[in-house]
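Please look over the sequence and the model below before reading on. The paragraphs that follow go through strands, a ligand shell, a core and a few single residues.

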Amino acid sequence: MTIIVAADENWGIGNKDELLVRIKEDHKNFKALTTGHTVVLGRKTLSTFPGGRPLKDRTNIIMSRDPSYSVEGAEVAHSVDELLEIVKGLDDEVFVIGGGTIYEQLLPYCDKAIVTRIDHAFEADTYFPDLDADEGWKITETSDEQTYFDLTYHFVTYERI
Ligand SMILES: NC(=O)c1ccc[n+]([C@@H]2O[C@H](COP(=O)([O-])OP(=O)(O)OC[C@H]3O[C@@H](n4cnc5c(N)ncnc54)[C@H](OP(=O)(O)O)[C@@H]3O)[C@@H](O)[C@H]2O)c1
């Protein structure tokens, strides 16, 4: 599985159930990578989407421990084991798209992470593990510098060594 995440310079990824910043070009990149494929996300991240609805043109797997939870147009996985069973049966590229608890639990099952790395420190309450400090991961690709108003950022690909 592949992780897609936008992280600030402290690996912050969210604050008060919202993204730190919405960058249009980053969203376009996210859409281009994930459309037609499978996305895995936590119940809280789904609630941040417009109308709390799953993403269009993608197979959505929502993680919730609540046995009675259901979402129209999406599959629900109630545990990491159940998720891994579902994913095993899919012949598709699977992207883990957040949030914090889901990234943390699924990182051991991912071999690639596409990180939008924003050169700024935002106020944050949700973090992604620091891949630069993890000897199990290395950077294999870094984009040219991108800009969004006064922010700069790069698309950085990490792969498991
Ligand atoms: N920067 C980015 O790229 C990015 C991407 C996505 C999200 N975010 C941000 O991340 C924040 C949300 O992250 P979060 O950590 O608070 O929530 P989250 O990971 O999106 O969702 C947490 C929920 O997932 C379910 N869950 C977690 N582990 C599970 C397991 N092992 N089995 C089954 N269900 C499980 C639980 O749902 P139940 O309570 O229903 O059991 C839990 O409450 C927001 O600020 C959001 O904007 C940032």
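Two strands are said to pair if DSSP finds at least two bridges between them. Helices (H or I, at least four residues) and strands (E, at least two) are DSSP runs, numbered from the N terminus. Residue numbers start from 1 along each chain as its sequence is written. This is a predicted model, in which local features need pLDDT of at least 70 and side-chain atom pairs count only at pLDDT 80 or more, while totals for chains, interfaces and linings use all residues.

Three strands form an open sheet in the order β3-β2-β9, with antiparallel pairing. The edges are taken by β3 and β9 (126-127), each with a single partner strand, so one side of each is left without a neighbour in the sheet. Two bridges link β2 and β9, in the antiparallel sense. Gly 14 has Thr 126 as its bridge partner in β9, and Gly 12 stands opposite Tyr 127 in β9.

Asp 17 lies in the loop between β2 and β3 (18-19). Its phi is also of interest: Asp 17 has a positive value of about 65 degrees although it is not a glycine.

Is Asp 17 buried or exposed? The terms rest on a count: a residue is buried if 20 or more other C-beta atoms lie within 10 Å of its own, exposed if 12 or fewer, and partly exposed in between, with C-beta atoms placed from the backbone. Asp 17 is exposed, because 12 other C-beta atoms lie within 10 Å. Trp 11 sits in the loop between β1 (2-7) and β2 (12-15). Trp 11 has a positive phi of about 65 degrees, although it is not a glycine. With 18 other C-beta atoms within 10 Å, Trp 11 is partly exposed.

Strand β4 (residues 38-42) is joined to β5 by five bridges, and the two run parallel. Gly 42 has Met 63 as its bridge partner in β5. Strand β5 (residues 59-63) also pairs in the parallel sense with strand β6 (residues 75-77), over three bridges. In that pairing Ile 62 stands opposite Val 76 in β6. β5 is mostly covered, with four of its five residues buried.

The largest nonpolar core has 32 residues, of which Val 5, Val 40, Leu 41, Val 96, Ile 97, Ile 102 and Tyr 103 touch the most other members. A nonpolar core is a set of buried Ala, Val, Leu, Ile, Met, Phe, Trp, Tyr and Cys residues joined through C-beta atoms within 7 Å. At least two residues of this core come from each of β1, β4, β5, β7, α4, β8 (112-118) and β12 (151-160). β1 supplies the largest share of this core, five residues. Leaving out residues up to four places away in sequence, Ile 102 touches Val 40, Leu 41, Gly 42, Met 63 and Val 96. Contact here means that the C-beta atoms of two residues, placed from the backbone, lie within 7 Å.

Which residues come nearest to the ligand? Of the 28 residues around the ligand, they are Gly 14, Gly 42, Gly 98, Gly 99 and Gly 100. A residue counts as near a molecule or strand if its C-beta atom, placed from the backbone, lies within 6 Å of it. β1, β2, β3, α2 (43-47) and α4 each give at least two residues to this shell, and α4 gives the most, with four residues. The shell holds nine nonpolar, 13 polar and six charged residues. In this division Ala, Val, Leu, Ile, Met, Phe, Trp, Tyr, Cys and Pro count as nonpolar, Asp, Glu, Lys and Arg as charged, and the others, Gly among them, as polar. Gly 99 lies in the loop between β7 (94-96) and α4 (100-106), and the peptide bond from Gly 98 to Gly 99 is cis, with omega near 0 degrees.

Trp 137 is buried, because 20 other C-beta atoms lie within 10 Å. Not counting residues up to four places away in sequence, Trp 137 touches Leu 131, Tyr 158, Glu 159, Arg 160 and Ile 161.
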